[in-house]
Number of protein chains: 2
Amino acid sequence: MPDEFAFLTALRAIATHPAAAGLADDTAQLDVAAGRLILTSDTMVERVHFRPHDPADSIGWKLAAVNLSDLAAKGAVPLGCLLNYALSGDAAWDDAFLAGLNEALTRFAMPLLGGDTVAIPAGSARSFTLTAIGRAQDRTPLRGGAQPGEALWVTGQIGGAGFGPDGEPRDLARYLRPTPRLAEGQALAPFATAMMDVSDGLLIDARRMAEASSVALTIALDAVPLALPGLDPIECVTAGDDYELLFTLPAGITPPAPATRIGTTSAGSGLTLISNGAPVPLPDRLGYQHGG
Amino acid sequence: MPDEFAFLTALRAIATHPAAAGLADDTAQLDVAAGRLILTSDTMVERVHFRPHDPADSIGWKLAAVNLSDLAAKGAVPLGCLLNYALSGDAAWDDAFLAGLNEALTRFAMPLLGGDTVAIPAGSARSFTLTAIGRAQDRTPLRGGAQPGEALWVTGQIGGAGFGPDGEPRDLARYLRPTPRLAEGQALAPFATAMMDVSDGLLIDARRMAEASSVALTIALDAVPLALPGLDPIECVTAGDDYELLFTLPAGITPPAPATRIGTTSAGSGLTLISNGAPVPLPDRLGYQHGG
């Protein structure tokens with residue numbers, strides 16, 4: 001397996017953290033202080049989570065980014081990650097994947113510590129998994145922490161990574177290389193009562209927060225910051241791949257990171273959409289449901 | 001996706017540890033003491049690491065066992081794991097997989113804390129990943145710790161999970177449901193200078209230990225404990241899936257767990273095979289090379 005040998009050599013060049021020990025063992029050895037670890041793992045499958053023609057470097061970047069985004073939503077500081085990689089059979093593709101992965105890991109200071117490399121049968125969709133480990137702050141906002149009478153906020157803009165009528169992402173860079181909101185999440189975690197990243201669509205993820213928190217959520221459609229002018233707001237709030245942070249704060253608290261107030265919580269359950277103060281019907285499809 | 005909903009419900013019934021928080025968040029929150037974590041992750045791919053007709057429960061068991069075996073080889077105590085699961089499209093198969101996984105997790109006290117569930121395109125080989133986290137003891141024997149003048153030992157018996165001339169594993173139970181040597185590894189770790197599990201074949205794994213340790217290894221073929229009487233020793237030491245522990249001890253130390261002395265280390269490099277004191281040529285194929 002010359003592919004695997006070359007790939008492991010390339011991995012070793014990236015995995016320079018002492019805990020990786022040069023990838024010379026089946027395990028990583030990570031020294032930690034006493035405290036709370038945040039653990040997350042995401043799998044990206046060809047033809048499900050990415051398109052076969054998406055650039056390899058962007059798939060590597062995105063695999064790191066989606067996991068970093070989960071850490072960001074807990075306000076965690078990345079400690080390291082493990083990569084499970086299905087060899088493509090194309091050494092240049094593998095190299096580009098690793099280069100993109102390494103760009104994200106370097107930019108957000110998450111060392112590669114280990115993992116596994118496998119061959120897959122010809123014709124099978126490739127599947128890549130990254131498992132990230134972070135260190136929590138004193139407070140870890142979960143999905144389920146929202147209380148009635150709070151404000152709902154979101155960072156950044158929504159809808160840019162969604163697909164337009166031509167079947168292409170409206171903002172290709174944003175679709176290919178999302179930015180995990182790590183600094184924002186770390187600033188917000190001490191104050192947010194609930195926090196999660198928006199990965200499958202603002203509405204579907206907001207409904208998940210409402211369910212986990214046992215509160216009702218009302219979102220003002222006209223308050224949602226849209227990624228591009230002139231877009232249909234409903235298309236934006238049902239598009240996926242935003243990787244912005246959705247969070248609740250007690251009334252009267254100003255978030256310590258740039259964010260937009262888009263709604264409120266109240267006693268009850270379910271998700272309500274309003275525009276200019278009037279109710280708007282929920283669309284049939286609230287977002288993507290491809291992941292667990 | 002009714003499959004995914006049912007699967008998540010079944011997962012929640014297993015993930016009862018507080019760190020899993022009912023799988024209601026995208027992350028797990030694991031409180032740890034200060035110290036060294038051992039991290040490992042293994043992927044099993046259909047038609048590469050398991051056969052499509054292998055029973056689903058055994059695949060779940062084996063995915064846990066191969067990761068536990070890596071923890072065992074470092075003498076680590078399991079703290080928890082994350083599962084990345086590709087839905088099969090067959091709810092009964094998914095249930096059986098989880099039942100087998102849960103049997104192993106329960107028996108070896110490794111709580112399920114989180115992970116990811118994905119759909120895959122029709123016709124693709126399924127791929128399952130488990131990432132395990134353990135707590136190290138004061139000493140963590142790596143592959144690369146062997147010194148010249150030591151003895152080489154192995155737990156249990158070798159070769160039983162190999163394939164016979166009929167194309168079937170000689171000991172089907174051992175192939176389907178390997179036993180990770182956790183108690184043995186924990187007892188051995190304070191004394192072993194190097195330790196690893198035997199997953200791809202005794203000879204190929206021994207050569208990896210020799211390379212990582214920069215020593216020469218000599219294995220006495222007639223000393224290797226064979227899994228079944230009458231087997232060809234060369235077939236046994238090149239078969240995979242043993243999941244026994246291979247380790248070195250300074251001369252004169254008796255291992256605190258049942259094991260057989262099968263060789264010695266010396267200054268130099270490479271792997272030498274002897275039988276009744278005379279050199280035996282190394283076979284062309286030392287074992288499997290399917291994993292990283």
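User: Which residue in strand 1 of chain B stands opposite A:Leu37?

Analyst: A:Leu37 faces B:Leu30, which sits in strand 1 of chain B. A word on the model first: it is predicted, so local features need pLDDT of at least 70 and side-chain atom pairs count only at pLDDT 80 or more, while totals for chains, interfaces and linings use all residues. Residues are numbered from 1 along each chain as its sequence is written, chains are lettered from A and ligands numbered from 1 in the order in which they are written, and side-chain values use heavy atoms, leaving out hydrogens and water.

User: How do I read strand pairing, and in what sense do strand 2 of chain A and strand 1 of chain B pair?

Analyst: Helices (H or I, at least four residues) and strands (E, at least two) are DSSP runs numbered from the N terminus. Two strands pair if DSSP finds at least two bridges between them. Here, strand 2 of chain A (residues 35–45) runs antiparallel to strand 1 of chain B, with 5 bridges.

User: What is a salt bridge, and how many does the whole structure have?

Analyst: The term means a side-chain nitrogen of Lys or Arg within 4 Å of a carboxyl oxygen of Asp or Glu. Over all chains, the search finds 30 of them. One joins A:Arg36 to B:Asp31, with the closest N and O atoms 2.8 Å apart. That pair crosses between chains, from strand 2 of chain A to strand 1 of chain B. Across the interface of chain B and chain A there are 6 salt bridges, and B:Arg143 with A:Asp26 is a salt bridge whose closest N and O atoms are 2.8 Å apart.

User: How many residues does each chain bring to the contact, and what area is buried?

Analyst: Contact means heavy atoms within 4.5 Å. Chain B supplies 53 residues and chain A supplies 53 residues. Buried area is the accessible area (1.4 Å probe) that two parts lose on being put together, summed over both. For chain B and chain A that comes to about 4500 Å², with 52% from carbon and sulfur atoms.

User: How many residue pairs are in polar contact there, across the interface of chain B and chain A?

Analyst: A polar contact is a pair of N or O atoms within 3.5 Å; within protein, one must be able to donate a hydrogen and the other to accept it, and residues adjacent in sequence count only if both atoms are side-chain atoms. The rule finds 25 such residue pairs between chain B and chain A, both residues at pLDDT 80 or more. On the side of chain B that touches chain A, the elements giving two or more residues include strand 1 (28–32) and strand 5 (127–135) of chain B. Strand 2 of chain B has the largest share of that side, 10 residues.

User: Which domains does chain A have, and how many salt bridges lie between them?

Analyst: Domain bounds come from an automatic or database domain assignment. For chain A it gives domain 1 (2–135) and domain 2 (143–280). Their contact takes 26 residues from domain 1 and 23 residues from domain 2. The C-alpha centres of these two domains lie 27 Å apart. Between them there are 4 salt bridges. A:Lys62 and A:Asp241 also form a salt bridge, their closest N and O atoms being 3.3 Å apart.
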